[in-house]
Amino acid sequence: MTKTVIINGANARTSRVNAIQHYIQESLEEVEAIEVFALPTEDLISANFASEAIREANAKVEQAYVVVVLTPVYKAAYSGILKTYLDLIPQKGFEEKHIIPIAVGGTPHHLLAIDYAIKPVLTALGATSISHGVFIIDKQIERTKQGFTIEEDIQTRIEQQLIRNKVTV
């Protein structure tokens, strides 16, 4: 059984959101990721529930104990690509899961995106255990020649959410 699955709602591999995905993957033993940008575009856009790739992604979610939902914040909400995948998760797909929303935005003005944009959708998918989440200002993730560097405070906040949701760090 997969203990944790990360749903990465970034639009590309170059997104700072990916730094958070990689940090979590390096911190945990039993973790898998669903990179929504790598799923077949036509299946996402046409809501192809029968797609093998979508069924495989949904199986990861079904087997998970904890689901980390990662997204950049655009226009005060989660990414559109994330929404296209969330629409393909079964109606009660987050039931009996611990959900950790993590958002990366350009300004603190988008801090409430987790509470007012992301959490209602997670609740509609059956989630009853949603953590406070972690909001990260994009400048707290520095792009370097080797990849990314995440501020220590952010690493600590992510680890605290994982520990609170009974994920071994």
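In this predicted model, the lining of the largest pocket comprises five nonpolar, three polar and two charged residues. The residues concerned are Ser15, Arg16, Val17, Pro72, Val73, Tyr74, Val104, Gly105, Gly106 and Asp138. The space held within the largest pocket amounts to about 150 Å³.

One of the lining residues, Val17, also belongs to helix α1, which spans residues 17–27.

Two packed helices are described by the angle between their axes and the distance between the axes. The crossing of α1 and α6 is right-handed. On the side of α1, the contact is made by Ile20, Tyr23 and Ile24, while α6 contributes Ile154, Gln155, Ile158, Glu159 and Leu162. Classified by type, the contact of α1 with α6 contains six nonpolar residues, one polar residue and one charged residue.

Definitions and conventions: Residues numbered from 1 in each chain as written. Predicted model: local features only at pLDDT ≥ 70, side-chain atom pairs only at ≥ 80, totals over all residues. Heavy atoms only, no water. Axes fitted to C-alpha atoms, helices over the stretch in contact; angles between N-to-C directions. Helix = DSSP H or I, 4+ residues; strand = E, 2+ residues; numbered from the N terminus. Left-handed = near helix turned anticlockwise from the far one by under 90°. Contact = heavy atoms within 4.5 Å. Nonpolar A, V, L, I, M, F, W, Y, C, P; charged D, E, K, R; others polar. 1 Å grid on protein atoms, 1.4 Å probe; cavity = no way out; pocket = protein on both sides within 12 Å on 5 of 7 lines; lining within 4 Å. Points joined across faces, edges and corners; volume = space filled by probe spheres on them.
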